[in-house]
Structure formats: C-alpha cells, structure tokens
Amino acid sequence: MPKHIMRLMVLVAAAAVAGFSAKTYFTDKSYYRYGHYRGDSVAEIASDTPRFRGNAYCKSCHEKQYAAWAGSPHNKPSEGRHVQCEVCHGPVGLHPAREGVPPSFDERLALGAKHVSFGAQDGPPGKLPARKDQTECIQCHEAMPGRPAAQRQVELAAHAGTAPCVSCHDPHAPKISFSGMTDKPKGNAAAGKVLSANCAACHGPAGASTNPAWPNLAGQHAAYLITALQAFKSGARPNEMMAGMAAGLSDADMENLAAYFSGRSCKVSGADKAKVSLGKKRSASCALCHGPAGVSPNPAWPDLAGQNDAYLGATLKSFKDGGRSHPVMSSVAKTLSDADIDNLAAFYASANCK
Amino acid sequence: MIGTMAQAAPYVGYVYPNETDIPWSVLIVIYPYITGLVAGAFIVSSLYHVFGMERFRTVARFALLTAVSFMFFVPVPLLFHLGKPQRAFNAVLTPHWTSAMSAFSYVAGFYICLLLLEIWFAFRADIVSLSKTKGGLLGRAYRILTLGSDDVSGNALAIDHKFAFALAVIGIPAAGGLHGYVGFLFGSLKSREWWSSDLMPIIFLLSAVVSGIGLLVVLYVAYSKFRKAALDDACLQGLAKTMWAFLTVVLLIEGLELLEMFYKQLEGIEMVQRLIEGPIRYGMFLQWGLSLMVLATLSYLILTHARGRILATGMFAAGIGMMLGVLAMRWNVVIGGQELSKTMKGLLIYYPEILGHEGLLAVLFIFLCPFIVLWLVTRFLPPWEPEAGKEVSS
Amino acid sequence: MESDTSEAKKAEPGSALRRNFLRAIGAGVACAGVWMNDPLRAATPAEEAAPPDIPGYDWRKHKWAFGVDATRCIGCLRCVEACKAENGVTQDAHHFRTWVERYVYLEGDEHARVDSQSDPGNIAASGSQQAFRFDNRYASAPVEKAFFVPKLCNHCTHPACVQVCPTGATYQTPDGVVLIDHSYCIGCQYCVQACPYGAREFNHAMGVTDKCTWCYHRITKGLQPACVEVCPVEARVFGDRNDPDSPISRFIRNNRVSVLKPQTGNAPNVFYAGIDKEVS
C-alpha cells in the first residue's frame, strides 16, 4: 500500500483515539448515573433555599397580627380561602436577618458556583411592607368579569373612590362590623354635664355653638368626640385653644363629656338654598363614609348634618391646604374647589340631623 | 445583569406570553441555508465523480472546494445563536440521541472529514507538484499535506481514484443525511403546525440542491468572467437541466403540502392563512415568484438549446434568483413557523435586529466569510484544469 | 450507516486494499455505535442507583402531580409574582414559569377573547413589568361567560422538551418532575420550540433555558410549590399521587379532570377542572 495512504490511516486512527479519550475525560462523573443527565444536578437543584416560608414562621414574632388574621374572613380554610401572610407581604426569605441572605444571581455567577440557580432578587431585608395603596387589595377584590361570584368584589368607583383601603379596613381582619359599634356611650353623662361648663363658653351649654366658626357638639357620635379630644391632647390635631382645654382631661373625663354631648339633641342651622342644591350634587363622594344625608353609619366618623357651615368650610379648607391631615380627607379635599366647599358646607348645614 | 434583553415581538390575537420572546432568530434562517448550499454543490461534484457525467468535469473540483468552504461556516450561526457557546461541546460529550440536534456535531464533523479527504485525493497530484515548486511558508504547507510522500505513479493515482470514488459514494447519503436532518429538525416538532410535516426533510433536501446548484452557477460564471476564461456551454446546459429537474419536484411537493394543509381544514387553518397573508407575505411572494421565474427561464434555455452569452446570462440570473428564492423559503419556514403561535389563536411579528450578535449585520458577515475562504482556497488549490480555459497563474 | 457500506461495496469489486479500508470504517462505525449507546452506563436505571443526596427525601417514594381548578381562580396573579420571586425568573412580562390566562365570551361570541400578562393593556394596568395585574377592560361589556386559567409546565409523562434536548441538560426524574440543569444547558432553545404549551422560557441574562420545576427545592423539603402556597382560593392543588389522601389524589378523584392538548401524546401531569373547549 502506498506510503501516503498508510500515513493517512494512522492520522485518522490517532484522531479517533484522541477524540474518544477526550470525551471520556471531560464527561462529568455523575453523568448516566440515573439516566441521560448529570446525576449531581438533582441534589443541586433541590438544595436551593425556599423564600416563601409560610404562616408559622411569621407567627413566631407577629402574634398579634396573626391572631387578628386567624379569626378573619381572610382565613376560612373551610371555604377554601387562605390568604396567608406572604400573599400580601411577599416572600419572607431570611427576614429579619440581614446576614445569610442567599447570594444574588450575579453574585453566584461571580463566585463561579457549579450549579448557579436563579436566586431571587432580594428586596431590602428586614422589612416586608405590603403596599398601602389600593393595589394590594384590588388584585383580588376589584369587581371583574371572570372572578367567581363567591369572591367578595367591589366596584371601586362606587365603593371608596381612590381612598386607600386601609383607611377603613384592617387588612389583617378586613371585615368592618358596624353592628358591634354601638353609639351607646360608655361615659357618665351627668359627670360630663358638670365638666361641660368649661366648654360652654364656645360650644354653648347644650353643645350648640355660639359662633358658626366653632362646631356644634350636640348629637355628635361619642366615639368621634373622644377621638377628637384625644387628637387635640396628643397634638395630632393641632389647635391652640383645644390643646389647652384637652390637656387637663383624663380618658374618663373625655368619655363623660362625649356621653353628655352625644346625648343632646342637635339643631339645624340652615343655609343659602341655591348653595344647598349645588352642594347636594357634589356630596356623592362624601356619602360613602358620612352617609347620604350627612349622618354617618359608623360612629368613628363624624355626622355632618346640622353642623355649622362656617366650621365645615374652614375644616375642608384646612384639609385641603394641609393645616389638618387625614389619610382620606386630605386627598378628598384636594379634589374640591372653593365653591364646592362652600356649597357642601351649606348642604350639610341645612341637612336634617335627627 | 449579563447579556441583553431580547426585544419582545409584537403580536395579534392570543399568544403564550413566553412566545413573545422569539427563540430562533435570523441566524437560524442562514444556518439551513448555508447547509443547503453545501449539499447542492456537493451533489454536482458527485454527478461527475460517481455518476460519471463528464460534462460536469469542468466544475467538479471547484464544486468540492465550494462545498468545503461553506461547510466550515455551517456551525458558525449556531454558535452565534447559542446562549452558552462555550458549552457547545456538551452536545458532543453526551449526545442525547433522541434529539435530532445532538447528531449535528457528528454528522457535520463526519461530513467535513469526508469533504477534506475527498479534496485531498482529488488534488493530491497538484499538491505534490506544488510542494516541489513553491517555497517558504506556502511550500511548507504543501509539503505537510503530501504526508511526506510524493508518489504520483500511475498505480498510486489509481488507488487514489478508487478512494475518492468510495468517499464520493459515501458522500451522497451523507450530504442527503446532513440536509435531510435539518428538515427533520423542523418537521419532527409536533408543537408547531407550520413545521410539523413528514415532507419537511424532502423539501429541505431538494430545495438545498437547487440553491446549491444556483450558487455554483453564479460562482462559475462570475469566476470565469474574472479569469477571462471561456464558459463550458455543455456544462451549463447540464446544470440547467439538473436544476430544472430538482426545482420542478420541489415546487410540486411544496405546492402539494400547502394544498393538503388547506384541504384538510384542521383547527387553526384560519391562522395559517393569516400567516401567509400577513407576516410572511413578502417572503412567500419572493419564494414562489422567483421559483416560477427561474423555472420559466430554465425551460426557455433548455428548449432553445441556448448557448454562449444568452445561456451564461440566463443561468447567472437563474442562479441568483434561486439563491434568493430558497433564502426566502428558509425565512418562511424558520421565522414563519415561529410567527404562527402555538395557541393557533394569534400571530407574532418578528423584526430582526440590525446590530448585535443575532442581527442582520452578523448574518451578512457570516455569509460573506465562505466566499472569502473559497477565494483563498482556490488560490491555494487551483481547481481549474488547464484545458478548461486560458490558465491564469496564481 | 449500513446503506453507506453496502452502496460502497456495490460500486466496484474491490481490491484487498479497499476491503481493509472499509473494514476500518466499519470498525469505526461499530465503535461509534457502542460509544453512542453506552450500554454499560445505561445498565444502571434510576431505580437501582442510590437516590440523589437530598436530606430526608427519597425520589422513589413519590409521584407528584398538579391540579388546577379554574372555577376557583380569581385572577389575582399572586402565583405569578410568587413564582418569579421564589425562582428569580426574569422580571418582565415576557418570561414566565407560570402565568394566568383570561377567557371571555361576550354575548354572541363564537370564540373566546383571550389575554394574559404579555398583553399591553395588562402591562399598562400594572404600571410595570415587575408586578402583574389584569386590567378591567370588560367591566362594562356584555360578558356572557368569563374565567381565568392558570398555566404552568405540565411535567408531561412523555415530555417533548426532554426528547429534543441535545445534551441531556433537561430530564425527567423518577418522581415525575421535569428539571433543567442550568449548568449544563447550552442555550439552543430547541426545547422552547418543542414544548406545545409554551411553558419554557429563555433567560437571556444566564444564556440558558428556564422552566417550572414545581419548586423542586421546596417539595423535596415537604413544602408546597410557591404558587400553591400563595394561592388564596385553592385554585392550585399539588401533591403526591402515591398517597390516596393527598390533595391532588382527592382533586383528581372528585373532579372530571382533563389535560391540555391530549392529542400531542405528551400525557401531561397537570390536571384541569372547569375549563372550556377553547382552552389549550
């Protein structure tokens, strides 16, 4: 056989041997252990750290919130409803520890780990706030074709406009029980009457104020009155006069005063007719909380019917310009023009408060 | 983050969210296209080497060099497209044989070796004589290629010829396998209506041959013009008839496939129709328009026994037309298949990027490379026999 | 390969020389055949080798399956966001291990209108591609029927993706999960093409394909997959079919379940209740 053919065959054989050796050398040792794949990869994939860790982990520190949630409609396993902590709060990961957070994707890549799994993008560890605007709640509760009828859904515009859900609902126990909120004051009205002498100079002896710039107190919800006095005392609601008055009041004093004033009958002050009808048209967004006629269904929120128009107007303007702040009212007031405020004040001032 | 985010494709109707990131880009259009050119060029050389069609003697060795120059660049678009090109050898280390794709490295590797061996046998006498006349680095390269043997006796050349013949015989099914495999790659996927077809390997193979002959004609005519060499009319007529025959069959099968698809009226046929009328309408227009024009041109050249200038011009135009037509066909298959959603409820629209490693410029660059390599290779191993025309010393 | 040699033999009566050469080629082919099939290595099936080193877990004892009750799904997409957070899936609206589709028939419609997280309207509604939300486009439309359908990898009994993977980077485990070895994948995306359900996605940052693993790192620790964990309405069910009292066994027993695209022969292991003719 010619020399060049022999040499060619030697070359081909050498290449084949080299190729086969290289293949054997470079093939992973765990390959083919279980099948046509790298056997070690199974345990590598299984070794990833779970980031969602379940309610029990959250409960170990946040018992109060857990208890509120556990008794709420968000936890009704019998109905197949189980809105666990991480549904709204997101994955707990290694919260609250800052150390030991699994290395991120790029970090693992840089480390040159053999099995680079997709580490989740870590938010700042230590905090797991749920979003406080509507987005968290409406993911499940916005009325939408396709959602099963059993799912509690609301028409956003009619329900609360753009107000954040948490201003009325506790997300851990979202159901608001109006029946449990009686307007029956705990305080002693007689003791309150004695104390009320200090208030009478401005708010009148029976809670009908002597000046339309100051609010009537007669017939107002006791719960609201207490909240207001507490806010004056704590400074949450800044007012020079009232801060001084409230500073000397104990919790029991406030309850007694509230019991006294809430038991007095209110009196409609009346206002300009034209403004009243304009104000009525503008009152739809107020009605959700304060009732269609200005009598609120929830004792935590004030009745507006029969209140002095000057006081109402000043209050709304104060919310609007930031003098007072409130999660709902501040945003509502910003949507109102000065004329709207005048008209609304007139409407509520002339509304029947009984 | 490493790497770039792919552009999400716009869509109409409903498509699965993951589909909006179109997996196979224009690089995968050029891959079967280049493979096809190889197959076509090789078939022409086989017609001479195996079937003894003497009229193809002129281009037989040139066809081999064309085939190998393009074959070198078949894996390049694939490597450009891989998310992890550095791991490409995993498919060689642990080929998963239920996957058509795992065979690629073996089929392509085998085919490149085969081509190189065949070229070596076909050019050995030239290599030996060049090793004696050339000096310097080039001379050393020739001397290495002789494997230290300058035996060009009649006996040795006869043995060479038998080897070359055997290799050419093996090469035909290998070329068929290489390209039929590409068709199988698409045709075997049940997930895509536009690809899933038993005819896909045959269509790919036949259109490959047509485009490869087209390439060879274009190169032969252009190269002869450049060398100021006379064209071999008999050879061109032979190429015209071969091209005509393959083109007729391919058009018939493609037409029948479309007809069957629309005749069966399976679920989702409306979307197939909207695909043809929509995203790939220009592609379909090019593919069918050019194919029919080329068929008409070839028929005219054959029927009139055209010679000389008319034949050369006609064949050059037919070659270009066929190369473009088959390129359009590859686009229609590869891109069209992905533009038709797996939901059969929507269409996606693929826009190739211009820059970037999966862009049109990269494709153009990859496609130009084999031409440059071919030019260098023909300088290194001149394929033209002296009697074929006026010899130009290189 | 056989045809190659027979054709070569037919071609011309050969000399001893060529017989030698053909014999060499034959030996090479045979050698390659042995090498390709790896009979020695293939002789150890998954059941016989010691199971992978996963603490407290034996993959021979489980057969996982997944259920989707489309009548319960409220389309809140907590599962989609949870999956992305748990598994570090690309944070945009075009790459998902799991997603939710909305099917709506308006009055008189013959075919459903379908949309999902990639829909421009839904992207606009969520305000970013890191959070997901369905817009309320049908709020005032005459809707005849509407429902949501969660989708994910079906972990098929005969997975087309595993069949086409050229390297063996994706594979099926004996406990019925289709996994992908990110450190071995070459990123060719053939599996993305082969999946009839569009369940696979490509991670451009990593250059590899990604897919649902039923949270293999969780289920091997006795936890539920993240999407099941956060589903507030139990529309997603997961469990072990070897245990007749597992949620999935009860789900399959108590519902008339179906699978998606049964005609592909993939034999999915995600079972649906309450879906409609248009869902595929």
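In chain B, the helix with the lowest confidence is α7 (residues 154-187), at a mean of 88, and the highest is α11 (residues 281-303), at 96. Confidence here is pLDDT, the predictor's own score for each residue, from 0 to 100. Helices (H or I, at least four residues) and strands (E, at least two) are DSSP runs, numbered from the N terminus.

This is a predicted model, in which local features need pLDDT of at least 70 and side-chain atom pairs count only at pLDDT 80 or more, while totals for chains, interfaces and linings use all residues. Residues are numbered from 1 along each chain as its sequence is written, and chains are lettered from A and ligands numbered from 1 in the order in which they are written.

Back to confidence. Chain B has a mean pLDDT of 90, with 96% of its residues at 70 or more. A contact means that the C-beta atoms of two residues, placed from the backbone, lie within 7 Å.

For chain A the mean pLDDT is 81, and 86% of residues reach 70 or more. Which helix of chain A has the lowest confidence? That is α6 (residues 105-111), with a mean of 42, while α2 (residues 40-46) is highest at 94. Residues 99-127 of chain A have pLDDT under 50 throughout, and the model has 53 contacts for them beyond four places in sequence.

Next, the domains. Chain A is assigned a domain 1 (189-263) and a domain 2 (273-349); such bounds come from an automatic or database domain assignment. Taken over C-alpha atoms, the centres of these two domains of chain A are 21 Å apart. Domain 1 of chain A puts 14 residues into the contact and domain 2 puts in 13. On the domain 1 side there are seven nonpolar, six polar and one charged residues. For these classes, Ala, Val, Leu, Ile, Met, Phe, Trp, Tyr, Cys and Pro count as nonpolar, Asp, Glu, Lys and Arg as charged, and the others, Gly among them, as polar.

Now the contacts between chains. How many residues does chain A bring to its contact with chain B? Eleven, and they meet nine residues of chain B. The chain A side divides into five nonpolar, three polar and three charged residues.

Chain C also touches chain A, with 59 residues from chain C and 50 from chain A. Several elements of chain C supply at least two residues each to this side, including α2 (16-37), α4 (78-87), β2 (98-106) and β4 (143-152). The most come from α4(C), which gives five residues. By class, the chain C side holds 30 nonpolar, 15 polar and 14 charged residues.

Some of those elements turn up again in a sheet. Chain C has an open sheet of three strands in the order β3-β2-β4, paired antiparallel. Strands pair if DSSP finds at least two bridges between them. β3 (113-115) and β4 of chain C are at the edges with a single partner strand each, so one side of each has no neighbour in the sheet. On average, neighbouring strands of this sheet are turned by 20° against each other, direction ignored. Between β2(C) and β3(C) there are three bridges, and C:Arg102 stands opposite C:Asp115 in β3(C). Helix α4(C) packs on the sheet, touching β2 and β4 of chain C, and its direction makes about 160° with that of β2(C). The axes are lines fitted to C-alpha atoms, for helices over the stretch in contact, with angles from 0 to 180 degrees between N-to-C directions.

Last, two loop residues. B:Leu147 sits in the loop between α6 (136-145) and α7 of chain B, and C:Trp214 in the loop between β8 (208-210) and α8 of chain C. Phi is near 55° for B:Leu147, a positive value in a residue other than glycine, and phi of C:Trp214 is also near 55°. Is C:Trp214 buried or exposed? C:Trp214 is buried, because 27 other C-beta atoms lie within 10 Å. B:Leu147, with 18, is partly exposed. Buried means 20 or more other C-beta atoms within 10 Å of the residue's own, exposed means 12 or fewer, and partly exposed is in between, with C-beta atoms placed from the backbone.
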